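Open the model in your viewer and keep the selection panel at hand.

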There are 2 protein chains.
Amino acid sequence: MFGKYTEQEFQQKAEAFHGHAAPGVLLGAFLVEAARARLPEGCIFDAVSESRQCLPDAVQLLTPCTFGNGWLKVMDLGIYAVCLYDKQTGEGWRAAVDPEKLKRFPLTREWFLKLTKKKDQDGDALRREILEHGAEMVAVRKIQMHPEELARRHKGPIAVCPVCGDAYPAKHGGTCLLCAKGRGYDLL
Amino acid sequence: MFGKYTEQEFQQKAEAFHGHAAPGVLLGAFLVEAARARLPEGCIFDAVSESRQCLPDAVQLLTPCTFGNGWLKVMDLGIYAVCLYDKQTGEGWRAAVDPEKLKRFPLTREWFLKLTKKKDQDGDALRREILEHGAEMVAVRKIQMHPEELARRHKGPIAVCPVCGDAYPAKHGGTCLLCAKGRGYDLL
């Protein structure tokens, strides 16, 4: 079971949301479940994903935390670990893929550590190995979030940019950050 | 209609995913739809949300782009605008809330520009105004993404951190970034 979903239901959910039942989403689901199972019943929690790849979608599929509602934060660290913690107290759990434990699971190890090229991997067998043994690949540690991580960030007053006319947080300065620093696109 | 959903279906989807049918998700849906309607039929597109609040969830609910599958990027600019563009050519559309157009919609304007306190807002009336007039609040511009924005980012080879034992992108250096720069939590 993944939260309230059977394995098959979760795979369907992952296909519908993420586009396919990626190995990273499946393994991510084991991380999320390992951390969540240790939180007290009814705990209102926030999530931090330490990778931007796949794992944020496992969080969004299995918990009330989404990127847009602010309960999920994503750090672009390339580390396959997730922290779930009580919003108020900061007490929680961090679940990470343990490279040491992967030694018993060669397909997952080769994929996870990028030891074989994608074209030489057997995706179905890899997914099967993860679904059967994912829980054995995870290391879980209790954590205490630092108080500054629990503070809510506020946007503050809103201004209208005198250059482009968009609304933006006044604390950013005399113009919006796009007019100040440039855009990744041309406006045609 | 929001994509394939009726207004009521979309509100239910937003409640299930985001936690509630937030005004920001509803307004975000109009932005997403305004940009997407202008893309050619069958276009495979990426998305950039210029706000981290609410809008990323409208994208994730209405398009194949999610944070975890990498098709949605989020910039923390506090600007309520979304860019959808052809993955290959970078041609696309940017839809933004236009403060000028909001002058005709006082509830939305007061909420959006934070002119009244949350406790003094009538949430139901606000949502109704957005649902009825959201499409009239949006400014759409054609965009051409810069080539460097279209390049895929690669994680490169993976190393195991000699300090903590987690796997991380070798390009980050001799240890993972958490061991190099510190964590926002104590490992207990």
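A residue counts as buried if 20 or more other C-beta atoms lie within 10 Å of its own, and as exposed if 12 or fewer do. Keep in mind that this is a predicted model.

**Stop 1: helix 1 of chain B**

Select residues 7–18 of chain B, which form helix 1. The helix has twelve residues, and its first and last C-alpha atoms are 16 Å apart, close to the 16 Å expected at 1.5 Å a residue. Now colour B:Phe10, B:Ala14 and B:His18, which are buried. Looking down the axis of helix 1 of chain B, you will find its buried residues within an arc of 40 degrees, so they line one face of the helix. Turn to the other side of helix 1 of chain B, where B:Gln8 and B:Ala16 are exposed.

What covers the buried residues of this helix? Show helix 2 (23–36) and helix 3 (55–62) of chain B, which are included in the cover over the buried residues of helix 1 of chain B. Before leaving, step to B:Gly19, which follows helix 1 of chain B and has a positive phi, near 105 degrees.

**Stop 2: helix 2 of chain B**

Select helix 2 of chain B, which has 14 residues. From first C-alpha to last, helix 2 of chain B reaches 20 Å, close to the 20 Å expected at 1.5 Å a residue. In helix 2 of chain B, 14 of the 14 residues are buried, so the helix is largely enclosed by the rest of the structure.

**Stop 3: the two chains together**

Zoom in on strand 5 of chain A and strand 8 (residues 185–187) of chain B, which pair in the antiparallel sense over three bridges.

**Stop 4: strand 3 of chain A**

Select residues 81–86 of chain A, which form strand 3. Five of the six residues of strand 3 of chain A are buried, so the strand is largely enclosed by the rest of the structure. Strand 1 (residues 45–49) of chain A pairs with strand 3 of chain A in the antiparallel sense over five bridges, and A:Ala47 stands opposite A:Leu84.

Strand 4 (residues 91–97) of chain A also runs antiparallel to strand 3 of chain A, joined by five bridges. Here A:Val82 has A:Ala95 as its bridge partner. Strands 3 and 4 of chain A form a hairpin with four residues between them, and A:Gly90 in the turn has a positive phi of about 80 degrees.

**Stop 5: A:Glu136**

Finish at A:Glu136, in the loop between helix 5 (123–133) and strand 5 of chain A. A:Glu136 is partly exposed, with 13 other C-beta atoms within 10 Å. Draw a distance from A:Glu136 to A:Phe105, 31 residues apart along the chain: their C-alpha atoms are separated by 9.4 Å.

Technical notes
Residues numbered from 1 in each chain as written. Chains lettered and ligands numbered in written order. Predicted model: local features only at pLDDT ≥ 70, side-chain atom pairs only at ≥ 80, totals over all residues. Helix = DSSP H or I, 4+ residues; strand = E, 2+ residues; numbered from the N terminus. Expected span 1.5 Å × (residues − 1). Arc of directions from axis to C-beta. Contact = placed C-beta atoms within 7 Å. Pairing = 2+ DSSP bridges.
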